[in-house]
Amino acid sequence: MSSRASVEKGVVEVVVEDVSPESAPALLRKAIPPWPVVFSAEEEARVWRKIDMRLLPVITVMYLMSFVDRGNIGNAKLQGLVTQLNLVENEYNIALTMYFVSYSVCTIPANLLLKKIGPSRWLPGLTLAWGVITTLMGLVKTYSQLVGVRVALGVAEAGLSSGIFYYLTMWYPRYMVHYRIGLFWGGATFAGAFSGLVAYGISFMSGTAGLLGWSWIFILEGLVTVLVAIVAFILFVDLPDTAPFLTPEERAYVVYRKKYDNSSVGEEEHFELRHLREGLLDWQTWASAMLNLVNSIMTYGIALFLPSIINGFGFDPAISQLLSVPPYIAATITVVLWSLWSDKIRRRSPFVFAGYSLMVAGFAINISNASIGVKYFGTFLAIIGGFAGFPAIVSWLGNNVVGHYKRGVALGVQLMFGNVGGAIASNIYRIQDAPRYVRGHAIEIGVGAAGLVIVPLTVLAYARINSRRNVRQGNDEASEEPHSDEEIRRLGDRAPDFRYTL
């Protein structure tokens, strides 16, 4: 979308040049209040770079540590966790599952608390809490203790993922947010490589102070997270209107851009119980939740068990840790490139579909009788597809839900289903199915096939609504019966001038 703005008699008329149904922005030849400050294109770019440099590094590191601390149990498994705790049958899988259960239950309340308490206190506080819990996980002695600590870890981490996604949608316009989500999600993807390398190095500490390698993985990585939390308390900022690192003019510019990005009259920012109801009853919340469920089952399936899958190829534990690194590096690069591309063409669905396709291909290769080298290539496809497609799923919903609290609820539901997917994925790769894990790969292929059906159905639903609104808006203009500003603001993404992103 490109636009021209001219100031005349205190009103800015935004003339939208790209008004195709699938990409039309929220503003369609609507009069909006005048800009509080006028920046040149270079000055605008400087403002966004300034914001990027302040927000993205700290949230990227926080999220990287979150992903490391939830997934390092896969590395610990190869370093003696199962043996020392005498885990039998599906006890390891149950420990994985309980993390996702507590995480799912706490996601929506955590998002509502974010706005109430403030991001600068809430998100670093969560980081500190799970860093301490991860450190303590290295000291557990029994199965029941492991399960208890995993439950606590899920509670502490529940507010971070959805909180960061929600936080970014309150800073960036909707066709700038995917790239930013991709940048910090790239950090989470790199965590897979980082975790494998660190686990390989820590494995040589096994026996130090009477602790095996798996204990040191949790202890050292947990202590790093605590340090990250302390730095985050210092650097984190709340919302644009109070950001101390911006000048008053820059704050006014960013607030204006966000306020009129989704609607010609701005978004609702106060909380009412109807926002909870609307977020829970909106069809797109559940469609997106299903998309994230599919993605999470496949992504967590490969992420949590990649070292074990590679170990099943015949490599020893240390080499398996190292071989888990390259797929994540490739995925990190793809995440950033896809995110940039998606914002450029203002489409989300092609990248969700492409991610599912790569994952299905990767799991299909690994269920076959292909050579070890080809199967290892299949793990690249699965990791790339899962991690590169995820930012598009989150951005898609964030683009299409209007209203601060409604969007917070919708994103909370979406992330809750993502963690339900993690719970399912925790139980499809069983110890008794090693080394080929045929059952797990088959389930992943079936889930991916379902996702390849859901994506086009969702696109079709959005496109039909956009088309109907185009017709209806033309009729409304002909009859000269415009909606009031309050009506449009209350309608949010159901307003006649709003167009869904495809």
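**Exercise 1.** Determine what share of the contacts between residues at least 6 apart in sequence joins residues at least 24 apart.

*Solution.* Take a contact as heavy atoms within 4.5 Å. Among the contacts in the protein chain between residues at least 6 apart in sequence, 80% join residues at least 24 apart. The model is predicted, with local features needing pLDDT of at least 70 and side-chain atom pairs counting only at pLDDT 80 or more, while totals for chains, interfaces and linings use all residues. Residues are numbered from 1 along each chain as its sequence is written, and side-chain values use heavy atoms, with hydrogens and water left out.

**Exercise 2.** State how many of the 502 residues, as a percentage, count as buried.

*Solution.* Buried means under 20% relative accessible area, with a 1.4 Å probe and protein chains only; by this criterion, 58% of the 502 residues of the protein chain are buried.

**Exercise 3.** Describe the second largest cavity by its volume and its lining.

*Solution.* First, a cavity is a set of points on a 1 Å grid over the protein atoms alone where a 1.4 Å probe fits but cannot get out, and its lining residues have an atom within 4 Å of a point. Grid points are joined across faces, edges and corners, and a volume is the space filled by probe spheres set on the points.

Next, the second largest cavity has a volume of about 140 Å³, and of its 15 lining residues, Arg70, Trp185, Ser296, Tyr300 and Phe390 are the closest to its centre.

Key
1 Å grid on protein atoms, 1.4 Å probe; cavity = no way out; pocket = protein on both sides within 12 Å on 5 of 7 lines; lining within 4 Å. Buried < 20%, exposed > 50% of the residue type's maximum accessible area, 1.4 Å probe, protein only.
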